[in-house]
Amino acid sequence: MAGVSRKAAKPLTYMKDEKTDFPILCETCLGPNPYVRMTRAEMDKECHICARPYTVFRWRPGRDARYKSTIICQTCSRLKNVCQTCLFDLDFGLPVQVRDIYTPAADQLVIPQSEVNREWFVQQQEKVFKDAGAMTAYSQLTAGGGKEA
């Protein structure tokens, strides 16, 4: 059968769902209204960075604003310290490319390119996040490989 591609079945650890109640957003994407109505679709789309399923949030930040939605998973957002919608840095409000230019190469977190290595890396970082309890600082992840110095 020409033109038909078959993908190998993904292991169950790969399809681990992401249980979240609220996305990681910057103040710009959240909007000025303190009463934002969001819809949540669990395991709805594939993350644009790690290609894993994630919970998609969709909302309208203001009356005249367009609808916004998350495009990456929370794990990738924590690893890169970026907003799930606009991909801007949460600390400085800069695009990730600009932030990476001005940070030393030793402080940058490099995510593996191959699918198997990327999945293993993400699972290891999820364990670090779980052990830390809350958000781990981006500088702690890059300096010590996810462990505090």
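**Close-up views of a predicted model**

**View 1. Asn-81 sits in the loop between helix H2 (74-80) and helix H3 (96-102).** Helices (H or I, at least four residues) and strands (E, at least two) are DSSP runs, numbered from the N terminus. The model is predicted, so local features need pLDDT of at least 70 and side-chain atom pairs count only at pLDDT 80 or more, while totals for chains, interfaces and linings use all residues. Residues are numbered from 1 along each chain as its sequence is written, and side-chain values use heavy atoms, leaving out hydrogens and water. Asn-81 is not a glycine, yet its phi is positive, near 60°. Its relative accessibility is 9%, which counts as buried. Buried means under 20% relative accessible area, exposed over 50%, partly exposed in between (1.4 Å probe, protein chains only).

**View 2. Met-43 belongs to strand E1 (residues 38-46).** Met-43 also has a positive phi, about 55°, without being a glycine. Met-43 is partly exposed, with a relative accessible area of 33%. Most residues other than glycine have a negative phi.

**View 3. Ten residues make up the largest nonpolar core.** They are Cys-47, Cys-50, Tyr-54, Val-56, Ile-72, Cys-73, Cys-76, Val-82, Val-96 and Val-122. A nonpolar core is a set of buried Ala, Val, Leu, Ile, Met, Phe, Trp, Tyr and Cys residues joined through side-chain atoms within 4.5 Å. A second, separate core has six residues, including Leu-25, Cys-29, Phe-57 and Cys-83. Leaving out residues up to four places away in sequence, Cys-47 touches Arg-52, Tyr-54, Ile-71, Ile-72, Cys-73 and Cys-76. Contact means heavy atoms within 4.5 Å.

**View 4. Lys-68, in strand E3 (residues 68-69), is buried without a salt bridge.** A salt bridge needs a side-chain nitrogen of Lys or Arg within 4 Å of a carboxyl oxygen of Asp or Glu. The nearest side chain of opposite charge is Glu-27, 12 Å away. Lys and Arg count as positive, Asp and Glu as negative; His and the chain ends are not counted. Beyond four places in sequence, Lys-68 contacts Thr-28, Cys-29, Phe-57, Arg-58, Trp-59, Pro-61 and Thr-85.

**View 5. The charged end of Arg-58 sits over the ring of Tyr-67.** The distance to the ring centre is 4.2 Å. The criterion is NZ of Lys or CZ of Arg within 6 Å of the ring centre and within 35 degrees of the ring normal.
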